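This report looks at surface and ring features of a predicted model. The sequence and the structure come first, and the description follows.

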Amino acid sequence: MRYITGLGILLTVLVGLSAPAGAQLIINPSSSCEYQGVEMSPALAYSKTSYESDSGDTVDIERILTGLYGAWGLNDWFDLYMSFGYIANAEPDPDEGEWDDHGDGFVIGAGIRGVNWENDYISVMSYAQISYLSEDYGTTASTDAEGEATEVALGAMAKGYLADRFSVYGGVEFVPYTDGKFDTTFPDETGTRHKVSTDMERENPVGIRLGANCELDKWWLRGELGVISETSVLLGAGFMF
């Protein structure tokens, strides 16, 4: 069994990464590289996240994202990683049906993940990520809208094997920090355009992630669901070398 003092290392590295870089999680939180090994993984995801403004109003943002991450084994227990996602569709309040345009954007992230404890059947893992998201929602009724957010996410997962090549995982994610902004630009009766900025943060900072992996030697396939903080579905594949 491997034991580590994970919390101190996670917080130290997170502070070291504190530059603009959304907890839109692209990485596989249940995977782990060998020492100085490399993992590459593309992913396709749908998510819907609720944000609350400083005035108490809420807005839901629906996203379809394609992404890629790379991880490197820092030692036998921890990996450093970076991720990038292109947001092909970003739409505010999709259930209201008032937004004519389908926006786009991107999200970049960096972080650390690690194995905190394991035996022959179960692993306990954690991760810390800082990310930056920028979106342009397009135009509707002469109103332009765009948004951005810097977020910090912390998570803890348990992973267990149901068969030699099939594992499941689940755990809690906490987003303690969101610095978000929603900007709208609109004309008045004279045609002069005005810009209004609203500060935003996640309506619920706590979420749950549940997933499964099918492992094929150096390859793996996975599916993941997110609930509470964000509703998300993700499909991904990965290769280690």
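## The largest pocket

The lining of the largest pocket draws at least two residues from each of S5, strand S6 (122-140), strand S7 (143-163), S10 and S11, where strands are DSSP runs of E with at least two residues, numbered from the N terminus. The volume of this pocket is about 520 Å³, and 29 residues line the pocket, with Ser32, Lys159, Tyr161, Glu215 and Met240 the closest to its centre. A pocket is here an open set of points on a 1 Å grid over the protein atoms alone, where a 1.4 Å probe fits, with protein on both sides within 12 Å along at least five of seven lines, and lining residues have an atom within 4 Å of a point.

The model is predicted, with local features needing pLDDT of at least 70 and side-chain atom pairs counting only at pLDDT 80 or more, while totals for chains, interfaces and linings use all residues. Residues are numbered from 1 along each chain as its sequence is written, and side-chain values use heavy atoms, with hydrogens and water left out.

## Aromatic pairs

The whole structure contains 5 aromatic pairs, a pair being rings of Phe, Tyr or Trp (its six-membered ring) with centres within 6.5 Å, called stacked if the planes are under 30 degrees apart, edge-to-face if over 60 and tilted for the rest. Phenylalanine 84 and phenylalanine 106 have ring centres 6.5 Å apart and planes at 15 degrees, so this pair is stacked. The pair links distant parts of the chain, 22 residues apart, with phenylalanine 84 in strand S4 (residues 78-92) and phenylalanine 106 in strand S5 (residues 103-118). Phenylalanine 84 is partly exposed at 43% relative accessible area, and phenylalanine 106 is partly exposed at 30%, where partly exposed lies between buried (under 20%) and exposed (over 50%), with a 1.4 Å probe and protein chains only.

Another stacked pair joins phenylalanine 239 and phenylalanine 241, at 5.7 Å centre to centre and 25 degrees between the planes. Phenylalanine 239 is partly exposed at 28%, whereas phenylalanine 241 is exposed at 55%. Phe84, Phe106 and Tyr132 form one aromatic cluster.

## A nonpolar surface patch

Val172, Phe174, Val206, Ile208, Leu210, Leu225, Val227, Ile228 and Val233 make a nonpolar surface patch of about 720 Å²; patch residues have over 30% relative accessible area and no salt bridge, and nonpolar side chains are joined within 5 Å.

Strand S10 (206-216) gives the largest share of the patch, 3 residues. Leucine 210 lies in strand S10 and is partly exposed at 48% relative accessible area.

Methods. Patch = residues over 30% accessible without salt bridge, like charges linked within 9 Å, V, L, I, M, F, W, Y side chains within 5 Å. Areas by Shrake-Rupley, 256 points an atom, 1.4 Å probe, with all protein chains shown as cover. Salt bridge = Lys/Arg side-chain N within 4 Å of Asp/Glu carboxyl O. Helix = DSSP H or I, 4+ residues; strand = E, 2+ residues; numbered from the N terminus. Points joined across faces, edges and corners; volume = space filled by probe spheres on them.
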